[in-house]
2 protein chains.
Amino acid sequence: MSTAPPSLRERVAAAILEAAADALATHGEQASIADVAAAAGVARATVYRYFPNRQALLDALAGLAVRDAEARLREARLDDVAAPEALERAVRALVGVGNHLVVLERERVRPDAGQFDAAVAQPLRRLFERGQTDGDIRTDMSPVSLTESLVGLVMGILRSTPTLGVEGTTAVVTSLFLDGARTRGAAAHPG
Amino acid sequence: MSTAPPSLRERVAAAILEAAADALATHGEQASIADVAAAAGVARATVYRYFPNRQALLDALAGLAVRDAEARLREARLDDVAAPEALERAVRALVGVGNHLVVLERERVRPDAGQFDAAVAQPLRRLFERGQTDGDIRTDMSPVSLTESLVGLVMGILRSTPTLGVEGTTAVVTSLFLDGARTRGAAAHPG
DNA sequence: TATTCTCAAGACAGTTATGTCTCATTTTCT
DNA sequence: AGAAAATGAGACATAACTGTCTTGAGAATA
């Protein structure tokens, strides 16, 4: 691995990207460069020294999120285990990407679409397809719908309940998505 | 009922709000007044004749969405039926609000928060609480988490798959949320 | 200590969206 | 048809953000 010394420039660039992810995930698209700079604790001009313009920063952020998501999903080895276990790993990977994923998903309408699809949606669709052929996943819903549902679920929880931590969020999302909210087996109310 | 003649002003105001809902749901917060005006087929100045400033338009839109959601949830009579049936009705109500709900949910971080909570989240939480005491809904997840999950699910499907229609979307969301994506009962893959 | 690099702070111009206003034209209502 | 109201088009000033630049200060390196 390239665990080279984290040079100053790299550290500042990372801080700016992190602050941008937070600001964009919280305040949405209309977060200004001044907001990002303030959140990162640097001057506005410094941001422009690292990223020539706003779009470049957004692109860098999207690229980072894509690479992070790809790496986590690759390490998850979704193809090595059955669909339910793979799903839990996938959710853990997505939750681990955190705010970067929220930003990436928010910008997936923009011109640079496809990135989100290739890095996140496609592996999920493949996972659901395999789960369906193996009999682990219900077949009355398309892999596309299942993927969108899972993404919506993750995003909703990720944006509204950031206090659960990675494992807590993963457990909630996985359990709910796989088994649903209905009580299983037990008798309903004695009507 | 006050089914008065739909005066001209009311019709234009409704058209502007509808266009604003579409534009804001599609292009997010950075949709300009010019975008809204173009989408509504009116001049930019006309928008300002109906809403003194951008914030007033956003407030009107949020108020409309809140009233719409409240009315639909009230008509759904969630308290009159068991939790699973009530959940389906609630989902149908939320889906029926459509893009207005997406906009309202996106702005729930803003100063005028609470509106979304009072109109949408609170009824859902009450529904889940009742479902848990009746034994219809699993109790290892809080009503708050269940509510956030359901909202995330609805929003995700609503924004990414607008072609299913109200009934299709309702069926998908309800079934998935109640019973999950896992195959029920059938044997897993023959390993 | 001297040199070099980087940063913070702020001034500056260019661009874009906002909000106001006017005026000729069109639409609505009587 | 005629009066009243509303609209479209566009000019206009204002505000906010963007992107560039300069200056003085601070930290790293030799």
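Two salt bridges link chain B and chain A in this predicted model (a side-chain nitrogen of Lys or Arg within 4 Å of a carboxyl oxygen of Asp or Glu). One salt bridge joins B:Asp179 to A:Arg182, with the closest N and O atoms 2.8 Å apart.

The contact (heavy atoms within 4.5 Å) takes 39 residues from chain B and 38 residues from chain A. The area buried between the chains is about 3,500 Å² (accessible area, 1.4 Å probe, lost on being put together, summed over both parts). Carbon and sulfur atoms give 51% of that area.

Chain B superposes on chain A by a rotation of 179 degrees with 0.1 Å of shift along its axis, at an RMSD of 0.1 Å (least squares on the C-alpha atoms of residues with pLDDT of at least 70 in both). The two copies are thus related as by a two-fold rotation axis. The same surface serves both copies, as 97% of the contact residues of chain B recur in chain A. Among the residues of chain B, B:Gly180 comes closest to the rotation axis, at 1.9 Å (C-alpha).

Residues are numbered from 1 along each chain as its sequence is written, and chains are lettered from A in the order in which they are written. In this predicted model, local features need pLDDT of at least 70, side-chain atom pairs count only at pLDDT 80 or more, and totals for chains, interfaces and linings use all residues; side-chain values use heavy atoms, with hydrogens and water left out.

Methods: Buried area is the accessible area (1.4 Å probe) that two parts lose on being put together, summed over both.
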